[in-house]
Amino acid sequence: MSDNDLVIIATFDHDWQAHIAKDLLAEADIPSVLDNEIFSSLYPIGFNSIGGVNLRVFSRDKKRAQHIINNAKLS
């Protein structure tokens with residue numbers, strides 16, 4: 001795995017949680033992307049059955065990003 005590979009660091013049940021987490025990472029200058037966020041709007045009922053909203057960062061930022069997300073109150 002290279003430093004530029006995208007890795008999932010968190011999966012959220014709600015898109016608002018994922019956006020808050022993404023904003024927290026942006027404040028720390030950690031770029032990130034969200035997967036499946038459109039599905040959460042299209043299929044609000046049963047959305048968790050397709051896996052939730054994934055938050056991805058570059059593998060080089062994984063430890064720092066996980067620390068930030070783990071210390072945030074997103075539930």
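How are helices α1 and α3 oriented to each other: parallel, antiparallel, perpendicular or oblique? The answer comes from a predicted model, in which local features need pLDDT of at least 70 and side-chain atom pairs count only at pLDDT 80 or more, while totals for chains, interfaces and linings use all residues. Residues are numbered from 1 along each chain as its sequence is written, and side-chain values use heavy atoms, with hydrogens and water left out.

Helix α1 spans residues 15–27 and helix α3 residues 62–71; helices (H or I, at least four residues) and strands (E, at least two) are DSSP runs numbered from the N terminus. The two helices pack at an angle of about 130 degrees, with their axes 10 Å apart. Here axes are lines fitted to C-alpha atoms, for helices over the stretch in contact, and angles run from 0 to 180 degrees between N-to-C directions. The helices α1 and α3 are therefore oblique to each other, given that angles under 35 degrees count as roughly parallel, over 145 as roughly antiparallel, 65 to 115 as roughly perpendicular and the rest as oblique. Their crossing is right-handed, meaning that the near helix is turned clockwise from the far one by less than a right angle.

On the α1 side, A21, L24 and L25 meet A65, I68 and I69 of α3, contact being heavy atoms within 4.5 Å. By class, this contact has six nonpolar residues, no polar and no charged ones; Ala, Val, Leu, Ile, Met, Phe, Trp, Tyr, Cys and Pro count as nonpolar, Asp, Glu, Lys and Arg as charged, and the others, Gly among them, as polar.

Helix α1 also holds Q17, which is buried at 9% relative accessibility (buried means under 20% relative accessible area, exposed over 50%, partly exposed in between, with a 1.4 Å probe and protein chains only). In the loop between α1 and β2 sits D29, exposed with a relative accessible area of 66%. D29 has a positive phi of about 60 degrees although it is not a glycine. Most residues other than glycine have a negative phi.

One salt bridge is counted, defined as a side-chain nitrogen of Lys or Arg within 4 Å of a carboxyl oxygen of Asp or Glu. D35 pairs with R56, the closest N and O atoms being 2.2 Å apart. D35 lies in strand β2 (residues 32–35) and R56 in strand β3 (residues 53–58), so the bridge ties together parts that are 21 residues apart in sequence. D35 is partly exposed at 22% relative accessible area, and R56 is partly exposed at 23%.
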